[in-house]
Amino acid sequence: MTALVQYVPVLVLHSIEFLSAAVLIPLVAGIIARTFFLSVDQDDERRVELSDWEAEVTHLSLISPEPNPKHSYSWNIH
Amino acid sequence: MAGEYLIDANPERRERVGLVVVHGIGEQRRFEHVDAQVREIIRAIRAREAAGGLSEVTVEVYKGQSASFQSEQDTWATGDEAPIKAVVRDAPTGKLLEIHFHEVWWADSNEPYSLSKQVRFWAWGLIIGFIPMKRHSTHAGAASTRDPRAPGGRTKQQRLWVRARLFGVSVVAVLGAASIGLFTFLAKRLFNLDPPDFVKVFVNYVAGVKLYNQKQRRGSGFPAQNADFLEDLGEPPRITVRRRMIRALAQAACADYDRWYVVAHSLGTVVAFNGLMESAYTWPGYFDEQGWNKLVANGFAGGAREGWEPPEGIASPRRPVWAEPRHIAYRSAVFYKLHGVLFMGSPLEKFATLWPGRVPIATEPAFRTGTTWLNIYDPIDPVSGVLRAFDTRCEHACPQPETIGYASDWKFFISHIRYLTWTPGGGTLADGLADWLITGTRRKIGPEVGCRWFRSPIASKFAGPRAKVNSSRHYIRTCAAWCWWLGAIIVLALLSGITLPRIASALKATTLVLIKDVAASTVVDRLTPAVREMPGSSR
């Protein structure tokens, strides 16, 4: 029983150490990756501001390219 | 009762309904997912009763024309038709109908499990909270789509919060690998036990999400070689996945059902959404020539209208060499009989926040008014979420999603895989889906259906017409989810605290002994010849 009581603080200390390590490892890895490898999207080299980009993609075509689109018929069951 | 609905005697009474089932992340084998889902639906149908009589179901599985010698399992058909058919005589409605089940199977597009895959996965998993946002595609065809705009990711603070939560997932993954992973490893090596390999399961499951964001599929070894499928050489692996989806959609359209549905789970909802939203111009790239010609012959594809010009640039997937420049899919014809879409445990909102370019919304009209899109979520399921980024500007281009809460299970993560689990007593999602398939009305899928159903308060704006429901269950289950996360972190940290010091001290002791042994043997090896050559030494 005494050994168990003595072991609990050690266990808690170890657990906190590993918890800290588990936080630090992805944090450091993420910062390194973001700084050196992922500063921009590698598939997309556009460097526009988010607001410009949002304005760019909010256009609507809304006209079907099909010669005889059928989407205007409504379902009669819901 | 039976005589009135004799199947062969009165075939014109049969309504033909199709169901396209899409699996999520995982290691599903062929037909494994559709088999599991159909079982639950059949159980729900058989439980439907009226005036003391129960509904009847006959299930037929179409077998393949050939089978492997001494194979352990029979082969199912994978042609243009659905592999499973259920003929239903429904007691409450008196209807006689056929339900045909298609499966979209894409698990084989995952990379093979290897050390190389693990290294790449953990590298990605560690930095997932830092990966840049994926914006709208620049490929031809993407011009007729727009990115979703997640309300929870508009300001910098909101995006930071999303990334912080993803970072939390990385922390839990590291803790899990350092505790459960090592525990499993030791149990195997030291005690010759065979515990479930949680790390392998975790890697293979979540790697599906990674795969969806990769530029190429990789094999094993260092450096890992390209392992693209031959027909998708040079295309991202998500194209392979979407190909399966779009071909299944075309199959369902060509089958000429009276109405058909899409039911998708987990990452499969992203696959299904991509398939449904794919632009008409890019469709030919998903077919072989014969398949495309069949679509053209059936009136589901052909030349575009006068005045329409194909978009400039390279499409993804590439336009086939045989495709006419102005040939497109007639999506409104393909989706003409599509009556509804049901998503369960969907990460679509998370994709919309982090990688909106992966889940673009179509701007070409193709869906009929009344096409229903239901999203079922459970706050305890960490993958699922309320769909708020897909507010529809035109219901013909993208049906308005309706998010409905459903208490799938109290257990963390288990809730993710139990949406369609049927239990006696009614009121389950399986009962609701069975009713939807049979009657065509989704009256049994909604917050007022039973005690397991609820409405999310944050979805109220997107809740459709039936939003007046107590949402306390949403808050209770959200609190439960946070408790699960907290509990998982504490347990994993304690497990690490128990396991890792012992492994570290054992490694240290082993290393010291090894060094001593090596040093001693080296000294003996070096000294022995010298001692032998000393004067007076005996040979």
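Which residues form a nonpolar patch on the surface? They are Leu24(A), Leu27(A), Val28(A), Ile31(A), Ile32(A), Phe36(A) and Phe37(A), and together they have about 680 Å² of accessible area. This is a predicted model, where local features need pLDDT of at least 70, side-chain atom pairs count only at pLDDT 80 or more, and totals for chains, interfaces and linings use all residues. Residues are numbered from 1 along each chain as its sequence is written, chains are lettered from A and ligands numbered from 1 in the order in which they are written, and side-chain values use heavy atoms, with hydrogens and water left out.

**The patch on chain A**

- Patch members have over 30% relative accessible area and no salt bridge; like charges are joined within 9 Å, and nonpolar side chains (Val, Leu, Ile, Met, Phe, Trp, Tyr) within 5 Å.
- Accessible areas come from the Shrake-Rupley method with a 1.4 Å probe, and for residues only the protein chains shown count as cover.
- Take Ile32(A): it lies in helix α1 (residues 2-37) of chain A. Helices (H or I, at least four residues) and strands (E, at least two) are DSSP runs, numbered from the N terminus.
- Ile32(A) has a relative accessible area of 40%, so it goes down as partly exposed. Buried means under 20% relative accessible area, exposed means over 50%, and partly exposed is in between (1.4 Å probe, protein chains only).

**The two chains**

- Chain A has two helices and zero strands, and 23% of its 78 residues count as buried.
- The accessible surface of chain A is about 5,400 Å², with 66% of that belonging to carbon and sulfur atoms.
- Chain B has eleven helices and 15 strands, and 55% of its 539 residues count as buried.
- Along the principal axes, the C-alpha atoms of chain B fill a box of roughly 110 × 60 × 55 Å.
- The accessible surface of chain B is about 24,400 Å², with 59% belonging to carbon and sulfur atoms.

**Where chain B meets chain A**

- On the chain B side 68 residues are in contact with 47 residues of chain A; contact means heavy atoms within 4.5 Å.
- The size of an interface is often given as the accessible area lost when the parts come together.
- Here, the area buried between chain B and chain A is about 5,000 Å², and carbon and sulfur atoms give 65% of it. Buried area is the accessible area (1.4 Å probe) that two parts lose on being put together, summed over both.
- In chain B, Phe130(B), Arg135(B) and Arg305(B) lose the most area to chain A, together 14% of what that side buries.
- The rule finds twelve residue pairs in polar contact across this interface (both at pLDDT 80 or more). A polar contact is a pair of N or O atoms within 3.5 Å; within protein, one must be able to donate a hydrogen and the other to accept it, and residues adjacent in sequence count only if both atoms are side-chain atoms.
- α11(B) gives the most to the side of chain B that touches chain A, with nine residues.
- Ser332(B), found in helix α8 of chain B, makes a side-chain polar contact with the side chain of Glu66(A) (2.5 Å).
- Ser332(B) counts as buried because its relative accessibility is 0%.

**Salt bridges**

- A salt bridge is a side-chain nitrogen of Lys or Arg within 4 Å of a carboxyl oxygen of Asp or Glu.
- Asp35(B) and Arg39(B) make one (2.6 Å, N to O). They are four residues apart in helix α1 (residues 32-46) of chain B, so about one helical turn separates them.
- Lys85(B) and Glu60(B) make another (3.6 Å, N to O). This pair links distant parts of the chain: Lys85(B) in strand β5 (residues 84-89) and Glu60(B) in strand β4 (residues 56-61) of chain B, 25 residues apart.
- Lys85(B) is buried, at 11% relative accessible area, whereas Glu60(B) is partly exposed, at 32%.
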